[in-house]
Amino acid sequence: MTKTLNIAQNKSNSLYWKCQFFGWGLVSLFWFYIALFRDDFELSDAIINYIFDVAICIAITHAYRTMAVKRKWNQLNIKDLIWKLIPALIILSIMFMIIMNIKTSIYIYLADRQNDSIKELFVWNPFFVWNPVLITGLRHMSIWLLAYHLYHFYQREVQSTKMNAQLSLIAKQAQFDNLSAQLNPHFLFNSLNSIKSLIIENPKIARRAVDLLSDILRSSLYETQDSTVSLEEEMGLVKDYVELEKLRFEERLKFNLEVDERLNHIRILPLSIQLLVENALKHGIDKQLDGGTLELSIKKEGNKAVIKVVNPGTLNIEGDNRIGLKNLKNRLQLKYKGAAQFEINQIENESVLAKLTIPIIE
């Protein structure tokens, strides 16, 4: 990953310097033409002047780029960036004017062929020289700033599109993985077997079980199309899943739920909590002879939501290799870019804690 980033950075730097030399070299050709044919510069003097023009423009704009990168201006939105660019444009243009004027004045005083009337023009009437140069600086610096930041906006959009595409693919994979889990023969056999026994004993509960199974499969198929869902929607799926599993576990499964209602409308990754609950049932409760209590709590801590799932049992050292959990970690990384954390640990009283911490997104 680091190697890929370094390669991308090197390519970006290479492109930047190519554009700098080509762009300012092209612009300075016009000034070279003026110096050679209008101001009657010697060819050697015009070439030296051309080199200095290119070097000055690159130095000024590169100084701005260094500052912009250091202050992370390329990450600002357009509204915030504009308030940075207006004073920056004025400063760059004044710098351009002063340096260009100093360069021209030095040349005039060093050139034997220049007469006293031209010298006097630069010494006593600087505004006649400075004003056009200032306007030239404003024009060229405006174009450079616009091109520079438009390129970075474009790069940000491309990167964002790629990240969203990756997230969408992984979310789809999560959907299919979850659907496969729900449709696997073991799950369906247990669910249908429980429903079959209930048809005679308690038809009302049997009908409810069919509804639950239908809702779970429908959610797996259709309600995970978006990259995020509300916590309330996710909890609806979790409750249906636990209620259906209670038909199989009967008295072996107890479920404690604690949810901060202020978080009902925050956006989370689909199937994220359901995956943790399913994992706790499959690798925890199901392996305990007497079953146990599944605890799910969702609380607000600062600007983050903390989701904890606790189940009895011992942590399998190969747990991190489970496809569902690896998929969840990948989705968290893509969606929150390191701002979300997931961990699963063995805790006291022979229990396992799965903890998910995510930024609150309304």
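**Helix packing and loop residues in a predicted model**

Among contacts in the protein chain (heavy atoms within 4.5 Å) between residues at least 6 apart in sequence, 74% join residues at least 24 apart. The structure is a predicted model, in which local features need pLDDT of at least 70 and side-chain atom pairs count only at pLDDT 80 or more, while totals for chains, interfaces and linings use all residues. Residues are numbered from 1 along each chain as its sequence is written, and side-chain values use heavy atoms, with hydrogens and water left out.

The protein chain holds 10 helices and seven strands; these are DSSP runs numbered from the N terminus, with helices being H or I of at least four residues and strands being E of at least two. Of the 362 residues in the protein chain, 40% are buried. Here buried means under 20% relative accessible area, exposed over 50%, and partly exposed in between, with a 1.4 Å probe and protein chains only.

Helix α1 covers residues 2-38 and contains phenylalanine 30. This phenylalanine 30 counts as exposed, because its relative accessibility is 52%. Phenylalanine 30 and tyrosine 50 are 20 residues apart along the chain, and their C-alpha atoms are separated by 9.4 Å.

Helix α2 runs over residues 43-70, and its 28 residues reach 41 Å from the first C-alpha to the last, close to the 40 Å expected at 1.5 Å a residue; the expected span is 1.5 Å times one less than the number of residues. Residues buried in α2 include Asp53, Ile56, Cys57, Ile60, Thr61 and Tyr64. As a reminder, an α-helix has 3.6 residues a turn, so residues three or four places apart point the same way. After α2 comes lysine 72, in the loop between α2 and α3 (78-110). Lysine 72 is not a glycine, yet it has a positive phi of about 60°. With a relative accessible area of 52%, lysine 72 is exposed.

Among the buried residues of α8 are Glu234, Asp240, Leu244 and Glu245. Glutamate 250 follows α8 and has a positive phi, near 55°.

Helix α9 (residues 272-283) has 12 residues that should span 16 Å at 1.5 Å a residue, and the 17 Å between its end C-alpha atoms agrees with this. Because 10 of these 12 residues are buried, α9 is largely enclosed by the rest of the structure. The buried residues of α9 include Leu275, Leu276, Asn279 and Ala280.

How do the two helices pack? Two packed helices are described by the angle between their axes and the distance between the axes. The axes of α8 and α9 come within 8 Å and cross at roughly 20°, where axes are lines fitted to C-alpha atoms, for helices over the stretch in contact, and angles run from 0 to 180 degrees between N-to-C directions. The two helices α8 and α9 are therefore roughly parallel to each other, a label for angles under 35 degrees, with over 145 counting as roughly antiparallel, 65 to 115 as roughly perpendicular and the rest as oblique. From α8, the contact is made by Leu231, Glu234, Met235, Leu237, Val238, Tyr241, Val242, Glu245 and Phe249, and from α9 by Ser272, Ile273, Gln274, Val277, Glu278 and Leu281. The contact residues divide into 10 nonpolar, two polar and three charged; Ala, Val, Leu, Ile, Met, Phe, Trp, Tyr, Cys and Pro count as nonpolar, Asp, Glu, Lys and Arg as charged, and the others, Gly among them, as polar.

Leucine 263 sits in the loop between β2 (253-259) and β3 (267-268) and counts as buried, because its relative accessibility is 1%. Between leucine 263 and serine 230, 33 residues apart in sequence, the C-alpha to C-alpha distance is 8.9 Å.

Threonine 314 lies in the loop between β5 (304-312) and α10 and is exposed at 59% relative accessibility. Its contacts, not counting residues up to four places away in sequence, are with Gln346 and Val352.
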